[in-house]
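Q: Hi! I've just opened this one and would like a friendly walk through it. Can you show me?

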Amino acid sequence: MFIVLAGQATVTVHAANGFEAEVFSLVPGSICHLREGMHTTWVVDQPLRKVYMAK
């Protein structure tokens with residue numbers, strides 16, 4: 001899980017390994033949780049600064 005502090009990107013989750021296709025638009029303040037086994041494609045429009053949180 002991470003929180004976007006600065007920048008802008010789009011993350012596409014591909015339908016694989018039991019996950020449904022989904023698209024996330026990341027902007028400052030976005031919270032995103034990616035799981036093990038997800039196949040993703042990132043398009044970074046502006047350099048991202050993120051802070052990660054671990055369990």
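Q: Great. What kind of model is it?

A: It is a predicted model.

Q: OK, and how many helices and strands does the chain have?

A: The chain has zero helices and four strands. Reading from the N terminus, the order of the elements is β-β-β-β.

Q: What about the overall size? What is the radius of gyration of the chain?

A: The chain has a radius of gyration of 11 Å. A compact globule with 55 residues would come out near 10 Å, so the value agrees with that.

Q: Let's switch to rings. How many aromatic pairs are there?

A: There are two aromatic pairs in the structure. In one of them, F2 and Y52 have ring centres 5.5 Å apart and planes at 55°, so this pair is tilted.

Q: Where do F2 and Y52 lie in the chain?

A: F2 belongs to strand β1 (residues 2-14), and Y52 to strand β4 (residues 39-52). The pair therefore ties together parts that are 50 residues apart in sequence.

Q: Buried or exposed: which is F2, and why?

A: F2 is buried, because its relative accessible area is 3%, and the cut-off for buried is under 20%.

Q: Which residues do the ring pairs link into a cluster?

A: The cluster is made of F2, W42 and Y52, linked by ring pairs.

Q: What sits over the ring of F2?

A: That would be the charged end of K50, at 5.9 Å from the centre of the F2 ring.

Q: Moving to the outside now. Which residues form a nonpolar patch on the surface?

A: M1, I31 and M53 form that patch, and together they have about 320 Å² of accessible area.

Q: Tell me about I31. Where is it, and is it buried or exposed?

A: I31 sits in strand β3 (residues 31-32). With a relative accessible area of 59%, I31 is exposed.

Q: New topic: what is the phi of N17?

A: N17 has a positive phi of about 55°, although it is not a glycine. As background, most residues other than glycine have a negative phi.

Q: Where is N17 found?

A: N17 is in the loop between β1 and β2 (22-26). At 54% relative accessibility, N17 counts as exposed.

Q: Back to strand β1 for a moment. Where is G7, and how far is it from D45 in space?

A: G7 has its place in strand β1 and is buried, with 12% relative accessible area. Between G7 and D45 there are 7.5 Å from C-alpha to C-alpha, while in sequence they are 38 residues apart.

Q: And V13, buried or exposed?

A: V13 is buried, with a relative accessible area of 2%. Its place is also in strand β1.

Q: Last one: how far apart are V13 and V27?

A: V13 and V27 are 14 residues apart in sequence, and their C-alpha atoms are 17 Å apart in space.

Conventions:
Residues are numbered from 1 along each chain as its sequence is written. This is a predicted model: local features need pLDDT of at least 70, side-chain atom pairs count only at pLDDT 80 or more; totals for chains, interfaces and linings use all residues. Side-chain values use heavy atoms; hydrogens and water are left out. Rings of Phe, Tyr and Trp (its six-membered ring) pair if their centres lie within 6.5 Å; planes under 30 degrees apart count as stacked, over 60 as edge-to-face and the rest as tilted. Helices (H or I, at least four residues) and strands (E, at least two) are DSSP runs, numbered from the N terminus. Buried means under 20% relative accessible area, exposed over 50%, partly exposed in between (1.4 Å probe, protein chains only). A charge sits over a ring if NZ of Lys or CZ of Arg is within 6 Å of the ring centre and within 35 degrees of the ring normal. Patches are made of residues with over 30% relative accessible area and no salt bridge: like charges are joined within 9 Å, nonpolar side chains (Val, Leu, Ile, Met, Phe, Trp, Tyr) within 5 Å. Accessible areas come from the Shrake-Rupley method with a 1.4 Å probe; for residues, only the protein chains shown count as cover. A salt bridge is a side-chain nitrogen of Lys or Arg within 4 Å of a carboxyl oxygen of Asp or Glu. The radius of gyration is taken over C-alpha atoms; the globule rule is 2.2 Å times the number of residues to the power 0.38.
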